[in-house]
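Trainee: I have the sequence and the model open. Please take me through them piece by piece.

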Amino acid sequence: MVGITETVLRDGHQSLIATRMRTKFMLPAAEQLDAIGYRSLEVWGGATFDVCLRFLHEDPWERLRELKRRMPRTPLQMLLRGQNLVGYRHYADDVVEKFVAEAARGGIDIFRVFDALNDPRNMATAIRAVQRSGARAQGTICYTESPVHTLPAFVELGKTLAELGADELCIKDMGGFMPPGPASQLVTALRKEVGLPIVVHTHSSSGLSTLTCLAAAEAGAAAVDAAISPFAGGTSQPPTETLVGAMREGALATGLDLNALAEIATYFRGVLDRYRPLLDLRSLQTDPAILIHQVPGGMLSNLISQLKDQEAIDRLQDVLAEIPRVRADLGYPPLVTPTSQIVGIQAVFNVLTGQRYQTITQEVRDYVRGLYGQAPAPLDPELTRRVLADAAPVTVRPADLLEPEFARALVEVRALVPAADDAEALSYALFPQVYRAYRASRDAGLTPDVLASAAVGIVGAFRDRATHRATTPTSRTATSDSGVSAWAHEGRARLQGSRRWVDAAHARARR
């Protein structure tokens, strides 16, 4: 039997509508989802934490508690960025340990722990914390293709994650370009050499995902990720119903009821209708070019937004051609948050300035120094020479440079909210400025319902205006583009600017 991890409450809507699904639209389907018989339900992590606070003005911890209350039978799962948790920088070990413990208490049963560089040092603290919490640790291999990302290398990483205490392994194909053949080979090798259950996560961007999931299942994968059909396809996962139908007989049977899934699909089709203004057509399109440039859908949206801001959208193909070169210079990092932003932004600079590395972003400098972890392969010698002329390399685990943070965060948040608990202190520790804005809006009475009503009014006004004027297909597309990608770019740009941990490391290095 092959298990299904349902992603509609996390990656499904993160991929298609910029993570904007509100908790109140999740809860009505919770009991039905819990009754289906999924292996697990992915409900938290990734961008959901940030978006809840920054844009939806919801408490992510309360969302988790409410979902667990309504779904007590099915294991709940989250995506955890290793030492980055649900943010975009490394946090001190005490924050990582506190966060995992609080998330487990709130209802997370499976923690999918990954690192953008596949650096085990950046996953070790989180995996140990998951073990202590009594939850299940899913050590993750970020799949990518390069001269150094070979089958033996992936197997060695799997062995290391098992030694760190992972209970199972996940192959995370964040771009959706893993072909069926390599997926089958990797699942087979990991099962033979490591012996832990294997879960496969992919995206439908290139059109390969359903074939890849079937090949992985036939090779012995314990489970695959899927999204209920309204939130499936494109930059999301393959449809749950399609995979269940394809594997309904024999050893691969999932045991899930297609009629029950159809009822859930009907509900979420109605939810998606509420978010049509946020749905970018590109998110639903199949793009086989990803097999060449390996740029995930979210990264592509950010690139398009940046180029539009510079009135240089005609240079998109040049940037896509430059990304593999920058990636090679940086030692072939997988393109997943935050390395996808690091590589993408530098590629944009290289193209728009007309000279490679005439401007080197601070994030690339930090990466070259080693502040994000160990690169998969040696870096370009000339780029390394230029960066290290100004700063010494970091050879230790990046988090070893960080002082404990939680106690200070608790004091600071209680200056804002005297009765703040550990969960609120963690929200503040991860996103201090965002949390301050969130508290200010809540104190001013801007509840999620008030904000939702305002958003509906704004969208309605735009629609009314659109009906009274002639609108070309080009202008409609432009409006949709700016709606989703600008938000995504703004959030990630702000978080990329969060440099407290880097500045602290620099200060200690000078002493």
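Trainee: Which residue caps the N-terminal end of α5?

Mentor: In this predicted model, helices (DSSP runs of H or I, at least four residues) and strands (DSSP runs of E, at least two) are numbered from the N terminus. Helix α5 covers residues 60-70. At its N-terminal end, a side-chain oxygen lies 2.9 Å from the backbone nitrogen of W61, and that oxygen belongs to D59.

Trainee: How are the residues numbered, and what is the mean pLDDT of the chain?

Mentor: Numbering runs from 1 along each chain as its sequence is written, and side-chain values use heavy atoms, with hydrogens and water left out. As the model is predicted, local features need pLDDT of at least 70 and side-chain atom pairs count only at pLDDT 80 or more, while totals for chains, interfaces and linings use all residues. pLDDT is the predictor's confidence in each residue, from 0 to 100. In the protein chain, 87% of residues reach 70 or more, and the mean is 89.

Trainee: Which residues of α5 are buried?

Mentor: Buried means under 20% relative accessible area, exposed over 50%, and partly exposed in between, with a 1.4 Å probe and protein chains only. R65 at 29% is therefore partly exposed, and E62 at 31% is partly exposed too. The buried residues of α5 are P60, W61, R63, L64, E66 and L67.

Trainee: What separates R65 and E62 along the helix, given that they form a salt bridge?

Mentor: A salt bridge is a side-chain nitrogen of Lys or Arg within 4 Å of a carboxyl oxygen of Asp or Glu. For R65 and E62 the closest N and O atoms are 3.2 Å apart. The two residues are three places apart in α5, so what separates them is about one helical turn.

Trainee: Is the pair E42 and R10 buried or exposed?

Mentor: Side chains of opposite charge can pair when their charged atoms come close. E42 and R10 meet in a salt bridge of 3.0 Å, N to O; E42 is in strand β2 (residues 40-45) and R10 is in helix α1 (residues 8-17), 32 residues apart. The relative accessible area is 0% for E42 and 2% for R10. Both values are under 20%, so the residues are buried.

Trainee: With which side chain does the side chain of S40 make a polar contact?

Mentor: S40 is found in strand β2 and is buried at 0% relative accessible area. A polar contact is a pair of N or O atoms within 3.5 Å; within protein, one must be able to donate a hydrogen and the other to accept it, and residues adjacent in sequence count only if both atoms are side-chain atoms. Beyond four places in sequence, S40 touches residues including I4, T5, T74 and I110. Its side-chain polar contact, at 2.8 Å, is with Q77.

Trainee: How far apart in space are M1 and G250?

Mentor: M1 lies in the segment before β1 (3-6) and is exposed, with a relative accessible area of 71%. Not counting residues up to four places away, M1 touches A222, A251, A253, T254 and G255. M1 and G250 are 249 residues apart in sequence, and from C-alpha to C-alpha their distance is 8.3 Å.

Trainee: What share of the residues in the protein chain is buried?

Mentor: The protein chain has 25 helices and eight strands. Of the contacts with a separation of 6 or more, 77% come from residues 24 or more positions apart. Among the 511 residues in the chain, the buried share is 57%.

How values were computed: Contact = heavy atoms within 4.5 Å.
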